[in-house]
Amino acid sequence: MDASEVRYCSRFNYLCLKFALVVYSTVFWLIGAFVLAIGIYAEVERQKYKTLHGIFLAPSIILILLGVLMFVVSFIGVLASLRDNVCLLKVFMYTLVVCLILELVGGIIALIFRHQTMDLLNHNIGKGIRNYYDDLDFKNIMDFTQKQFRCCGGKDYLDWKKNEYHECSAPGPLACGVPYTCCIRNKTDVMNTMCGYKAMNYERLDAMKFIYVRGCTDAVIIWFLDNYTIMAGVLLGILLPQFLGILLCLLYITRIEDIISEWNSSGVLLEGESVKPEIEFSKVGCCSCYPGVESTA
């Protein structure tokens, strides 16, 4: 290849990487904005019925935090790739690396200390059960989980004794019972909201004839183990885009530094000089990013 072909390939590789990184960052910037908008809307709606003070358990708060993180980090990526700012590119790349490491470390720790993780989950579910009728977010999540995974409570159905309306010493028809979402029923049956009446007065073998007695923590984990392909797909969907972003950033930074190195070998970046480079960076929009480089176009 002669010098002109080398310069053409160099510029083409640079433009391809730039386009890929701009598209990547813009897509996740828009996704972050969408998630943030949903979180804000959900939080506004939640505030209308808010009775519980544990706001960090609310899905809307999680969506807002996730949306803000995605929006800010992706915006840095968009700005850095458009301006070819190596400093911002490194900030974007290192942020993705830190997020990826935290996710991997968190997953590994959860697997190593799985018994402690289970206890922590059951403890938090127990706290949610205590406020079941006051926290609409938790109530909707718990009802969906119990119906979808055919389970009841966190550790088992007896967890519902922690709720003041369901404990056996409470007055009213809910005492010693469980919510109707714990009941075994056909989809064609007419819904009976009192189907869990006095369920906790029965022994486990007797109770399992009309309610689900296993806990939701075990039920969800068993479902994930049985559907490992779905679990693998979810993990790839979370981790793969981050790997791709890190790889694109690394290649793009390397390409820019190679071009700067080529300039240096031509004496272009010597302070106070404005020698016309062999590869005119001004034509690909990067002159303004580096001090001491003047456009010769």
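Start with the second largest pocket, whose lining residues divide into 12 nonpolar, four polar and one charged. Here Ala, Val, Leu, Ile, Met, Phe, Trp, Tyr, Cys and Pro count as nonpolar, Asp, Glu, Lys and Arg as charged, and the others, Gly among them, as polar. To find the spot, select Met70, Leu96, Cys99, Glu103 and Gln242, which lie nearest the centre of this pocket among its 17 lining residues.

Before you go on, a word on what you're looking at: this is a predicted model, where local features need pLDDT of at least 70 and side-chain atom pairs count only at pLDDT 80 or more, while totals for chains, interfaces and linings use all residues. Residues are numbered from 1 along each chain as its sequence is written, and side-chain values use heavy atoms, with hydrogens and water left out.

And what makes a pocket? Rolling a probe the size of a water molecule over the atoms shows where empty space is left. On a 1 Å grid over the protein atoms alone, a pocket is an open set of points where a 1.4 Å probe fits, with protein on both sides within 12 Å along at least five of seven lines; lining residues have an atom within 4 Å of a point. The second largest pocket holds about 420 Å³, the volume being the space filled by probe spheres set on the points, which are joined across faces, edges and corners.

Now colour by helix. The protein chain has eight helices and zero strands; helices (H or I, at least four residues) and strands (E, at least two) are DSSP runs, numbered from the N terminus. Which helix gives the largest share of the second largest pocket's lining? That's α3, with six residues.

Next, select Thr117, Leu121, Val220, Ile221 and Phe224. You're now at the largest pocket, where these five lie nearest the centre of a 35-residue lining. Its volume is about 1,700 Å³. Highlight α4 (114-130): this helix gives the most to the lining, eight residues. Of the whole lining, 25 residues are nonpolar, six polar and four charged.

Time for the cysteines. A disulfide is a covalent bond between the sulfur atoms of two cysteines. Here, the cut-off is a pair of cysteine sulfur atoms within 2.5 Å, and the whole structure has four of them.

- Select Cys151 and Cys216: their sulfur atoms sit 2.1 Å apart.
- Move to Cys168 and Cys176, with sulfur atoms 1.7 Å apart. The torsion about their S-S bond is about 80°, so this disulfide is right-handed. Cys168 is partly exposed at 40%, whereas Cys176 is buried at 2%.
- Finish with Cys183 and Cys195, whose sulfur atoms are 2.0 Å apart. Both lie in the loop between α5 and α6, so the pair ties together parts 12 residues apart in sequence. Is Cys183 buried or exposed? Cys183 counts as buried, at 5% relative accessibility, while Cys195 is partly exposed at 22%.

Buried residues make up 34% of its 297 residues.

Notes:
Buried < 20%, exposed > 50% of the residue type's maximum accessible area, 1.4 Å probe, protein only.
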